[in-house]
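Here are some notes to read beside the structure. Please keep the sequence open as you go through them.

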Amino acid sequence: DSWHENQRALLPDGLHTCPAGRIMLEFKYSESFGVDAIRQTQAYDWFYRSSENLTEDELHTFLICSKTPKPERLKALGYIACRQPGVYRHRYDQLNNVGLISLNELSDESHNLAFKLFASKRRVRAHTIETLIDRTQVTEEVLYFFRALHEQGECPMRITEDEIREYERML
């Protein structure tokens with residue numbers, strides 16, 4: 001249940017400094033941030049903690065949103081910005097132990113880039129891909145995968161399971 005430093009280095013803002021031994025992520029790609037998304041994530045958190053007999057310190061749960069939450073909705077639901085862009089916490093942690101990460105808003109730090117590939121904004125994805133290419137030595141196959149992901153348009157999740165397996169074979 002403990003994370004190695006090199007594992008934490010790959011996690012995005014909000015997660016890589018999380019002290020819990022277990023981290024649960026609920027990813028919303030097409031669904032907007034709202035009451036239902038929070039309730040669903042809270043339910044997953046509660047059921048998992050209960051089934052595994054974990055304390056709130058042993059499991060931290062995050063709702064990851066591809067779409068940028070509206071400021072008025074964040075305020076209405078009690079979420080406030082943390083010091084890192086795109087990372088939010090509930091005003092009253094004891095009432096809502098679900099952190100929030102907005103992929104479109106994360107910084108361009110290296111540890112955020114893999115997650116930002118699934119941001120909803122096409123320009124954010126394009127910039128992320130270019131940043132990854134500039135900062136890393138990527139093979140032609142990986143570059144092809146990045147470009148294919150970006151070319152999926154506004155919804156990179158349209159890649160089929162068969163296409164993912166084909167990319168995997170190529171890589």
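1. The largest pocket holds about 450 Å³ of space. A pocket is an open set of points on a 1 Å grid over the protein atoms alone, where a 1.4 Å probe fits, with protein on both sides within 12 Å along at least five of seven lines; its volume is the space filled by probe spheres set on the points. Of its 21 lining residues (an atom within 4 Å of a point), H60, F62, R89, D93 and G99 are the closest to its centre.

2. This is a predicted model: local features need pLDDT of at least 70 and side-chain atom pairs pLDDT 80 or more, while totals for chains, interfaces and linings use all residues. Residues are numbered from 1 along each chain, and side-chain values use heavy atoms, without hydrogens or water.

3. T61 sits in strand β2, residues 59–65 (strands are DSSP E runs of at least two residues, numbered from the N terminus). T61 is buried, at 2% relative accessible area (buried means under 20%, with a 1.4 Å probe and protein chains only). Beyond four places in sequence, its contacts (heavy atoms within 4.5 Å) are M24, T41, D45, N97, V98 and G99.

4. Which residues form the largest nonpolar core? They are L11, L15, C18, A20, F62, I64, V87, I101, L103, L106, A119 and V124. Such a core is a set of buried Ala, Val, Leu, Ile, Met, Phe, Trp, Tyr and Cys residues joined through side-chain atoms within 4.5 Å. A second, separate core has ten residues, including F33, A37, Y79 and Y88.

Note on methods
Helix = DSSP H or I, 4+ residues; strand = E, 2+ residues; numbered from the N terminus. Buried < 20%, exposed > 50% of the residue type's maximum accessible area, 1.4 Å probe, protein only.
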